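Subject: Two-chain model, handed over with notes

Hello,

The sequence and coordinates you asked about are below.

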Amino acid sequence: MLEIRNVDKVYQSRGKPPVHAVRALDMEVGKGEIVALLGSSGCGKTSTLRMIAGFESVTSGAITLGQRRIDELPPARRKVAMAFEGYSLYPPLTVRENIAFALKAQQRSHGEVSRRVDAIARLVEIEDILDSYPRSISGGQQQRVSLARALVRDADLYLLDEPMGQLEPQLRAVLRGRIKGLLAERGMTAIFVTHDQTEASALADRIAVMEDGVLQQFASERELKEHPANLFVASFIGEPPMNLLETEVARADGGIRLSVGPEVTFRIEGRTLDQGARQMLEQTARIRVGIRPQKIAVGSGDVRVRVVSNQWLGDQSHVAGEYDGRLLIAVTPNKIAARPGDIIPFALEPRHLHLFGADGTCIRHAEAA
Amino acid sequence: MDHSSLAGRIFRGIALALVLVFFMFPIVWIFLMSFQTNEQILRIPPHILFEPTLANYQALISGQLRTTAGNLEISFIRNLMNSFALSSAAVVLALLLGVPAAYAFARFKFRLGETIAFTLLSFRFAPPLLVLLPLSLYYQQLGLNDTYFGIVWVYQLIALPLILWIVRGYFEDISPDIEHAYRLAGHSWREAFTRIAVPLAGPGIAAAGLLSFIFCWNNFVFALILASADKQPVTVGALAFVTASGIQYGQIAAAIVLSVTPTLLLALYAQRYLVEGLSLGAVKG
């Protein structure tokens, strides 16, 4: 459906070094797929969206949408609908006119326009403000109008820039479900930009994680969690973030030994490592390992940590402990009695460790649960 | 809201009245003068009460100035019409050129963009006399001396920078995404400019147009040098009232009343646009 091939975006401005916002981006989105562009601000996700819409030119590379090469077309001919982060409603038009605008431009019949506007207004709960003007409604309402204005159209692709950033949490959860339902029911293809992992997981079929203009990994949420491609994805995805530890590498018969501090060592069986990983480990003396907080067992094991904080969140405990100057966070479903300053054991099992090479790529994933 | 004491309110009333009198007095005095003869005006001490006369207005409209030294032809009404034609044409031309230019400066970053914009603005702080001498030489060679077009062109020095810089600010206040949304809905870049950007900047464009109209109307020195009697605006034409037999204060006052009235009415009418223009920032969401 949508193919982005080797796209680069460089912003040139006089007297300043050029900014490489997007580097060699390759992405393919299937028909009916919902994709999230996830990343911190300035990572290139909005630039990507605007290049697809046609408000930014592509420095190099190609974008095709349903066999049509679109990166040279004016925005009007790309058959793309977009909800803008700043809403961008037409101030002199009422909410209803704003939503109906594109349909009227396509010369749809009066009956069809009002039927579709009413339907989408019900979906995002703005029926009561249809006759108001944009400047008299709240930010959250404007955002929903902007969303409705994009979703009401017939387009090949829907681009949503931070579509629910201004909504209250409850409404956000409700709308997420409804919008996902609408997109699925009509087989609409959508890409949305967000920095909210929960939103990305809840709405998207696949998530594209971007950082520094580079696509780090493009996969399902489960895949991102279980098989992070590199250190960035590993530390970015998941709440609380993955624990990362520096370890010293030593050869052991049939595998390797990784040691953290004076008394903790992990033995990694050679059969769990592939050829490339073994080579990499032979060349380096230190590597980083990562473990999800949910995989650390509290109360047993040989890593003795000094408790820094211990919070019971109603359904799980977040225990932060210090070991040899490093902070480890464990999440368990049990209530833990430890108080700050207490010494308690954490268990880190070698099979739960992700191993990262010197360049940050993941050379061995933890065993799937 | 009003918590102040009676004394405070009285004091505020008096202060406001004083300010009002201070600013309105010259206008009121000139209005009164325009209904008096030269003798009545020059009486010492001046009288508040007098017998009003329409002779000044009559003289202006008929074009016959009767002085002690005899009859004098004046072309005040023609000057007034010239002022109208020249200022309106100058503002229309400046809007046609300035609004698209302001849009370009607001939306696109291009080489030398800021330099060009600033150069245009610098026309506003160059003293007119500095450019007048070389300009009149050029105008003579080009055959533009003493033509309406020549004066309208030189008025661009006044109107164009003003419109460019005011309107640019208004365009910058409009989120470009509003135009983007319009273009995504199936419209061209040109349509987005004429149907979204220009109407949204409308109050700003009206305000800038009004201001440059007033500046053109008030200009004296360009037309004095570059135009002859039949093409001069009122500002230059008013010199005719300084006659061999003295200064015709009554006629000058009447001429001022007649020439100020149109701009005053225009300003009063356009005031709501100016206020609307100032609240445009609310659009930003």
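Chain A has 369 residues, of which 40% are buried. Please keep in mind throughout that this is a predicted model. The secondary structure of chain A amounts to 9 helices and 20 strands, and its C-alpha trace spans about 75 × 45 × 45 Å along the principal axes. Of the contacts in chain A with a separation of 6 or more, 62% are between residues 24 or more positions apart.

Chain A, helix α1

The buried ones are Lys45(A), Ser47(A), Thr48(A), Leu49(A), Arg50(A), Met51(A), Ile52(A) and Ala53(A). Gly54(A) comes just after the helix and has a positive phi of about 105°.

Strand β11(A) (residues 243-252) pairs with β12(A) (residues 255-260) in the antiparallel sense, over 5 bridges. Within that pairing, Val249(A) has Leu258(A) in β12(A) as its bridge partner. The hairpin leaves 2 residues between the strands, and Gly254(A) in the turn has a positive phi of about 80°.

β12(A) also pairs with β13(A) (residues 264-269), again antiparallel, over 6 bridges. Ile256(A) is bridged to Ile268(A) in β13(A). This hairpin has 3 residues between its strands, and Gly261(A) takes a positive phi near 65°.

Chain A, backbone points to check

Most residues other than glycine have a negative phi, and most peptide bonds are trans.

- Gln67(A), not a glycine, has a positive phi of about 75°. It sits in the loop between β4 (60-65) and β5 of chain A, and with 7 C-beta neighbours inside 10 Å it counts as exposed.
- Glu125(A) has a positive phi near 60° and is likewise a residue other than glycine. Its place is the loop between α3 (110-123) and α4 of chain A; with 15 other C-beta atoms within 10 Å, Glu125(A) is partly exposed.
- The peptide bond from Glu239(A) to Pro240(A) is cis, with omega near -10°. Pro240(A) lies in the loop between α8 (231-236) and β11 of chain A.

Arg69(A) belongs to strand β5 (residues 68-69) of chain A. It has 12 C-beta neighbours inside 10 Å and so counts as exposed. Apart from neighbours within four places in sequence, Arg69(A) is in contact with Ala62(A) and Thr64(A). Arg69(A) and Glu3(A) are 66 residues apart in sequence, with 9.3 Å between their C-alpha atoms.

The interface between the chains

On the A side 23 residues are in contact with 17 residues of chain B. Elements of chain A that each supply at least two residues to this side are β6 (80-83), α2 (95-105) and α4 (139-151). By class, the A side consists of 16 nonpolar, 6 polar and 1 charged residues.

Chain B

The domain assignment divides chain B into domain 1 (6-73) and domain 2 (76-279). Their C-alpha centres lie 31 Å apart, and 19 residues of domain 1 are in contact with 15 residues of domain 2. On the domain 1 side, α1 (6-33), α2 (38-41), α3 (55-62) and β1 (64-67) of chain B give two or more residues each. α3(B) gives the most, with 5 residues. That side has 11 nonpolar and 8 polar residues, and no charged ones.

Chain B has a cis peptide bond too, joining Ile44(B) and Pro45(B) with omega about -5°. Pro45(B) is in the loop between α2 and α3 of chain B.

Nonpolar cores

The largest nonpolar core has 155 residues, and Ile163(B) and Val167(B) touch the most other members. Helix α7 of chain B (residues 148-173) gives the most to this core, with 14 residues. A second, separate core of 13 residues includes Leu60(B), Val234(B), Ala240(B) and Ile252(B). Not counting residues up to four places away in sequence, Val167(B) touches Gly98(B), Val99(B), Ala102(B), Ala201(B), Gly204(B), Ile205(B) and Ala208(B).

Regards

Key
Residues numbered from 1 in each chain as written. Chains lettered and ligands numbered in written order. Predicted model: local features only at pLDDT ≥ 70, side-chain atom pairs only at ≥ 80, totals over all residues. Contact = placed C-beta atoms within 7 Å. Helix = DSSP H or I, 4+ residues; strand = E, 2+ residues; numbered from the N terminus. Nonpolar A, V, L, I, M, F, W, Y, C, P; charged D, E, K, R; others polar. Buried ≥ 20, exposed ≤ 12 C-beta atoms within 10 Å, placed from the backbone. Pairing = 2+ DSSP bridges. Core = buried A, V, L, I, M, F, W, Y, C linked by C-beta atoms within 7 Å. Domains from an automatic or database assignment.
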